[in-house]
Amino acid sequence: MRVRFGFRTVAIDESGVLTVNGRRVVLRGVNRHEFDPDRGRVVSKELMRRDVELMKQHNVNAVRTSHYPPHPAFLDLCDELEEWSQIQWFGAGPGEAYPDSRQAARIARFHATVDELQTPYVRPQDNGSRADVRWAEITDRAGAGIRIEGEPLFSLAARRWSDRHLAAARHQTDLVPEPLIYLYTDHVVHGVGSGAVGPGVLPQYRLDVRAADFAFILSTTA
């Protein structure tokens with residue numbers, strides 16, 4: 001049996017071995033009933049999230065939903081918490097780096113989750129960009145995902161909310177994770193300046209309109 005979806009290839013060979021993108025996968029599963037110890041079959045999304053987070057802590061990668069379909073919100077949470085949230089890159093790091101704010105960055109190979117890429121400023125704003133990236137891989141825990149190579153170098157960012165959502169937020173509590181990852185690969189980014197307490201972006205770090213020649217190569221991870 002062979003099934004393709006997204007950037008993954010799922011197959012079961014004649015001996016019954018399950019593979020994802022050619023890699024053998026061992027299922028670590030649990031039975032799950034939608035049941036709240038206090039409310040019975042009325043299960044809140046918060047309890048569903050705790051269930052999924054607990055399963056992830058114990059490396060559970062398969063759920064048997066016990067005779068009846070799960071609530072759609074549970075499936076959304078599984079997608080949200082087990083999607084391509086693992087990121088490794090060869091470039092500037094480990095923290096964020098912008099054209100005028102990168103003295104603490106060094107060039108090396110780094111790994112982080114999407115959540116670890118974020119810088120939680122008191123006032124939400126663009127953040128978490130990694131500069132001078134040669135290549136990056138965005139995968140799930142099994143290593144299935146995509147690889148991005150830039151020509152020339154590029155800046156990389158990934159978030160659980162859109163630019164519009166980020167711009168509208170006034171506090172960190174306004175940033176509600178969405179059930180997908182927003183990936184940003186930029187040829188050039190604007191400096192950050194210090195407009196809140198000092199001067200804005202200096203001329204040499206401003207992003208002005210001009211012609212550019214660059215390329216990105218996308219491939220699946222093996």
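Guide: Happy to! Let me begin with a definition: a residue counts as buried when its relative accessible area is under 20%, as exposed when that area is over 50%, and as partly exposed in between. With that cut-off, 35% of the 222 residues of the protein chain are buried. Please keep in mind that this is a predicted model.

The protein chain holds 3 helices and 12 strands. If you take the contacts between residues at least 6 apart in sequence, 61% of them join residues at least 24 apart. The accessible surface of the chain is about 13900 Å², and carbon and sulfur atoms account for 54% of that surface.

Now to the salt bridges. One of its partners is glutamate 34, with the closest N and O atoms 3.4 Å apart. Both arginine 32 and glutamate 34 are buried. Arginine 32 also forms a salt bridge with aspartate 51, where the closest N and O atoms are again separated by 3.4 Å. Arginine 32 sits in the loop between strand 5 (29-31) and helix 1 (45-57), whereas aspartate 51 belongs to helix 1, so this pair ties together parts that lie 19 residues apart in sequence.

How do the two ends of that second bridge compare with the cut-offs? Arginine 32 has a relative accessible area of 7%, so it falls under the 20% limit and is buried. Aspartate 51 has 25% relative accessibility, and therefore counts as partly exposed.

Aspartate 126 forms a salt bridge with arginine 159, and their closest N and O atoms are 3.1 Å apart. This pair links distant parts of the chain, 33 residues apart: aspartate 126 is in the loop between strand 8 (106-113) and strand 9 (130-139), while arginine 159 is in strand 10 (residues 145-159).

To finish, come back to where we started: through salt bridges that share partners, Arg32, Glu34 and Asp51 are joined into one network.

Terms used:
Residues are numbered from 1 along each chain as its sequence is written. This is a predicted model: local features need pLDDT of at least 70, side-chain atom pairs count only at pLDDT 80 or more; totals for chains, interfaces and linings use all residues. Side-chain values use heavy atoms; hydrogens and water are left out. A salt bridge is a side-chain nitrogen of Lys or Arg within 4 Å of a carboxyl oxygen of Asp or Glu. Buried means under 20% relative accessible area, exposed over 50%, partly exposed in between (1.4 Å probe, protein chains only). Helices (H or I, at least four residues) and strands (E, at least two) are DSSP runs, numbered from the N terminus. Contact means heavy atoms within 4.5 Å. Accessible areas come from the Shrake-Rupley method with a 1.4 Å probe; for residues, only the protein chains shown count as cover.
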